[in-house]
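Thank you all for making the time this morning. I would like to walk you through a few local features of one model, so please have a look at it first.

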Amino acid sequence: MELYIIQAVLGALMFGFGGVFFKWNAVNKADDNYFFVALYATGALCFFIDSIDIINQISGMSFFIMAAIVGLGSAGGNFTFAQGMRFGPAGLTSAFAKANIVIVILLSALYYGENITIREGIGILFFFAAMMTVNLKFGGNEKAANSKWFLIMTVCIILLAFRNGGLKVVNEMDLPGELVVAMAYTYCAFLFIGLIFKNRNRTLALGTSNGKTMAIGTATGLVSYGGLLFYISALKGGPASIVVTIFSLDMFFILLLSFLFFGERLNNNQKVGFLLSAIGLVLIGLK
């Protein structure tokens, strides 16, 4: 088996564990602010260490502005993703969050004049079909998606598109991507530290201790960073279409792990929505 395939699978598995940690946070009713402080502080430290040899490239207003845009998308997108985990199953929430790629593709076509291939167009249609499917009732025992969950995931998709679209702009501007992410994560860490201080006098009904929450947040930051490293290494060693397709396995890992750890099951329309999202992602990834 080729090394890049193993790297892509390992990256997907790490992102799968990251998704399960998000679900753990939701199930245990932990304080999101402590979770995200640990996640972003860990991620920022890892990216700064990884970019230590180019640290002198931190300069110019464009660098800090793009870091702020990426940070806004990341903080808002991940926060709403965490809320989505509270109201819906982890596997379906993960699958829907990936629909942000549709917005990035459409904006790239409008702004940069990039062509949307027939395969990408069909993939986008599959994503839209998935969003409609989870809102349908297939039988007397089936329920449509939780309306609050659906609204949260719509906001999540838009905010994550800011993050991923921002990273595309960073690449087009020839800015150091790793350093931009490191600075963006630093902004995010300070944002959630500020929220902790703002809410310090509020009495919250927590299901777990803040120390344990931060430990899980740190683990989430580490597996997310490790998964990204495997993903980047796989892209360097193999075709992007195959790597992206394999990497989409993370939603299946999240689906399986959430069943094993939390006993989550999808009803029939959720299963169809999940599969339509997966097909859409594969079609967009294959180029």
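What we have is a predicted model, in which local features need pLDDT of at least 70, side-chain atom pairs count only at pLDDT 80 or more, and totals for chains, interfaces and linings use all residues. Residues are numbered from 1 along each chain as its sequence is written, and side-chain values use heavy atoms, with hydrogens and water left out.

Helices here are DSSP runs of H or I with at least four residues, numbered from the N terminus. The axes of H4 (residues 90–97) and H11 (residues 250–262), being lines fitted to C-alpha atoms over the stretch in contact, with angles running from 0 to 180 degrees between N-to-C directions, come within 8 Å and cross at roughly 165°. H4 and H11 are therefore roughly antiparallel to each other, a term for angles over 145 degrees. On the H4 side, the contact (heavy atoms within 4.5 Å) is made by Ala90, Gly91, Ser94 and Ala95, while H11 contributes Asp250, Met251, Ile254, Leu255 and Ser258.

Turning to H8, residues 177–198, this helix has 22 residues and reaches 31 Å from its first C-alpha to its last, close to the 32 Å expected at 1.5 Å a residue, where the expected span is 1.5 Å times one less than the number of residues. Its buried residues (under 20% relative accessible area, 1.4 Å probe, protein chains only) include Leu179, Tyr185 and Phe192, and the buried residues of H8 pack against H2 (32–50), H3 (61–87) and H7 (147–172).

Methods
Helices (H or I, at least four residues) and strands (E, at least two) are DSSP runs, numbered from the N terminus. Angles under 35 degrees count as roughly parallel, over 145 as roughly antiparallel, 65 to 115 as roughly perpendicular and the rest as oblique. Buried means under 20% relative accessible area, exposed over 50%, partly exposed in between (1.4 Å probe, protein chains only).
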